[in-house]
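This report looks at how the parts of a structure meet. Please have the sequence and the model open while reading.

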Amino acid sequence: MNFIIGAFKPACHISVTFSDGKSRKQVPLKKENGQTIMVPLFHSQENITGKISVEPISGKKVEHNGIKVELLGQIEMYFDKGNFYDFTSLVRELDVPGEIYERKIFPFEFSTVEMPYETYNGVNVRLRYVLKVTISRGYAGSITEYQDFVVWNYSPPPSINNSIKMEVGIEDCLHIEFEYNKSKYHLKDVILGKIYFLLVRIKIKNMDLEIRRRESTGSGSNTHVETETLAKFELMDGAPVRGESIPIRLFLSPYELTPTYRNINNKFSVKYYLNLVLVDEEDRRYFKQQEITMYRLGETS
Amino acid sequence: MMITNGIEDEEKWLAEGIAGIQHNAFYLHRALDSNNLREALKYSAQLLSELRTSRLSPHKYYELYMRAFDELRRLEMFFKDEDRHGCPVVDLYELVQHAGNVLPRLYLLCTVGSVYIKSKEAPAKDVLRDLVEMCRAVQHPIRGLFLRSYLAQVSRDKLPDIGSEYEGEGDTVMDAVEFVLQNFMEMNKLWVRMQHQGPLREKDKLEKERNELRDLVGKNLHVLSQIEGVDLEIYRDTVLPRVLEQIVNCKDELAQYYLMDCIIQVFPDEYHLQTLETLLGACPQLQPTVDLKTVLSQLMERLSNYASSSPELLPEFLQVEAFSKLSNAIGKVIEAQVDMPIVGAITLYVSLLTFTLRVHPDRLDYVDQVLGACVKKLSGKPKLEDSRATKQVVALLSAPLDKYDDIVTALTLSNYPRVMDHLDAGTNKVMAMVIIRSIMKNKTCVSTSDKVEVLFELIKGLIKDLEGISTDELDEEDFIEEQNSVACLMHMLYNDDPEEMLKIICTVWEHIMAGGPKRLPFTVPPLVFSSLKLVRRLQGQDGDLAGEQVPATPKKIFQLLNQIVEALSVVPSPELALRLYLQCAEAANDCDLEPVAYEFFTQAFVLYEEEIADSKAQVTAIHLIIGTLQRMNVFGVENRDTLTHKATGYSAKLLKKPDQCRAVYACSHLFWVDDQDGIKDGERVLLCLKRSLRIANAAQQMASVTRGSSGPVTLFVEILNKYLYFFEKGNPQITGSVIQGLIELIKTEMQSDSTTANSASDAFFTSTLRYIQFQKQKGGAMGEKYDSIKL
């Protein structure tokens, strides 16, 4: 759509400013073209207020059938590109049909907006929030302007957060017990733990801890699953013997993680796993994957 | 070829590694110069990645490590200066842990950790504990060892020791100890594990490589010993038990040997003394192949040096019962190490003995105990054939001799001879010689028969043939030297009490009588003379002891002497026996024991008759007999007559005329003893002299018949001298005219054509005449006497 608009000279210049734009936290957002821009950050049930200015190109008038601003929460599946599914759609009419000759400011307000889902940029799916300003025109097509913003929703620390402890092995070959201190981690958390070697009959070369993200989209037979390894962190170098215990300390902050998303609007899920991988001298891999829950902890808490 | 390739490959890999480090170091320096933390971390991690190689031997890896180490020093300087990178050290501590690879991550963490401690933003103990714990992640032996060695290096000056600026609240010395112990134990585990890396066929190479790395592990013990706060209590209760536990549990020969040695070398002797039981208790639990003898010898040597450093320390040694603890430990070690060669066991005992002699020189019971333990070890085994073991036994036996300068001390050690029994015959003899030399050198007097018994039991290798060794195989010179030594030794056996002395003599005799024909000629004479010495001593005391029942009487001794000399008949050595009989006879004479003296003479004559056939020997023998007989005054007329008759008879029966002549004129003395109440039978003197003149004449005639010229006048001159002797002594049968006649005779003989001129006999005659002249001119009674002789 944009390129079509771009082909013609736009009739007017539309810009959106948020009322607390200066003080509001900005976070990076990756655009489709690969560029990262800074956009304001909102949380669910916040008021989204601001002003929209419409400024016709010098000396031209803009004739319209009405101006509106929409707040859209959209899910876009990549196999169905360009087809947005709006799970949230709020509209404010800004102006009745008429003509604009000079710059005109329209305040707008969406109060306590329910934005249950977080902005997400995945492999096969994108969830985004956008303010869409539309100047409807009868013959020349409408003029639209988009303003992205990001939504994050903080969770309180979980009341129950058990450690993950498990004994796994291959009979008469390798027997280990591993322990992660929690099952739920916030995004800047540190994973602490230990791996005990109960039986080692293979020559291990090294051991890594991977953080894997599993994104599933669609449902039923159309389910697409995409798994990415976001972190590959070497835990151990060399071959341990029976009785050794190897410490785990993995800081999550360097990695681009999101909270775990379960069945977002029946469209997709994003889950995180810790994958413990042992590699032997013949480059055979032995691994055990455990799901962990990621959550976003409020900045202040 | 394969080996060469291996080495070349390694060189190549090392060069690649160094190049990698240099490359990254270049960018690192640039980042540091521009205070760019992010870049600095990136390049330092890449640089450290070169240390992830598995292809280098420890030696080459060390080279690589040192290069990285230098770069880390620079990085540490940078980390220290927050103004340059703007990141608080606590954040830095987290930041470096984001590195994906474990080895670079941990090197960086240790480096920041060092800065963190220095900043004092966190207690040193917490940082250290974290570091030592995190380093567990490297399980590769070589990489782990070097990483932990780096940790040890950077933390050395930052331990929360007493008096250190990093000392925190509470008992932080223990934290320091705990940290070093932990690092030590982990390093040792890695080091021990090295042996299982790589193929079996490279086992030797692996061992060598491991040995190169041992100081990395041992360094920790050194650090422990340097911690100011490690006092005896901490050492005893924490450090030592923990270190030993690690040593015992690692079950590795190389490590156990090295680390035990390390403990002994790095910690103070005082601590060792106070923890002996614990330290020694670990020994039997070590692998049976560990060279414990060296370890324990080192320990004992250190302890004995310590003991000798100050006399005040001795009570401490006694208090902790150092000796019995060491002794027990050695026993247990020997028991535990079933495969220990005998030489090892004996070496241990030598060390223990050396320790004992140095620390407890007054405790002979300890010394005996050590020897006893050694006997126990040796018993039930065949004689030692291992030359090294034999050497050790000799060392074991020599040690007390050197220490005490007094064999008598050693003789009280009941186990001493039992140890000697285990030596082979040759070594036994060597040892016996050592003992004798020690006695001679120190002029030790062995003064009781018991000790003599023990002593001779010790040196029995020299006294008699031992099983399996025949005297024929011996080197003649050695044998003579040995036997002479034994002879010398006999003179060192002495007691002032005659009774004990007699016992000593009997004891010696019992031993040497088994010596066989080759030894008796050496051993009998000293014993005989030793006995005669006793006889003379008794004879001096005769007056005091008269009437008392004393067991040691000359009579008894003479009976024994008779037996002793008789033993020479098996040799046979008649000349020697004869001399000894004569010595005995003379002694008996002095004791007024006529029958005894007579018996000895009888024996001498029997020998002369039956055994001495050589004419030269006969001449010597007869002169000896005559000489001895002349001095005898114990005989009654009858006995004396018998003996003098025999003597003169044999004299006249000698083979050569000159010999006959000389023996016969010697016999003249038998009838004229120049004593107060000596025999003075002038007639028989003259008879003898006349007879000898006749024989001299006969000799001259025989000579002129067989050779065409008569011999020199020597014999006549000799007889003339005898005449002059008796003349002066006042024998009435010898008158001036008789002498005058003889002089004439000699002159005539000399002028005769047939007489061969002989300057010696001429000179003899001339000086005899001069003597007469001199006596004449001297005047006085003698001058008057000589007046009757006209020259």
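## Two interfaces

Chain A and chain B bury about 1800 Å² between them, with carbon and sulfur atoms giving 45%, where buried area is the accessible area (1.4 Å probe) that two parts lose on being put together, summed over both. Of the area that chain A buries against chain B, 35% is supplied by A:E234, A:D237 and A:R249, more than by any other three residues.

This is a predicted model, in which local features need pLDDT of at least 70 and side-chain atom pairs count only at pLDDT 80 or more, while totals for chains, interfaces and linings use all residues. Residues are numbered from 1 along each chain as its sequence is written, chains are lettered from A and ligands numbered from 1 in the order in which they are written, and side-chain values use heavy atoms, with hydrogens and water left out.

Within chain B, the domain assignment (automatic or from a database) gives domain 1 (1-122) and domain 2 (137-267), whose C-alpha centres lie 23 Å apart. The area buried between these two domains of chain B is about 1900 Å², of which carbon and sulfur atoms give 71%.

Seven salt bridges are counted between chain A and chain B, and one is found across the interface of domain 1 and domain 2 of chain B; a salt bridge is a side-chain nitrogen of Lys or Arg within 4 Å of a carboxyl oxygen of Asp or Glu. Two salt bridges are listed below.

| Salt bridge | Closest N and O atoms |
|---|---|
| B:R193 and A:E244 | 2.8 Å |
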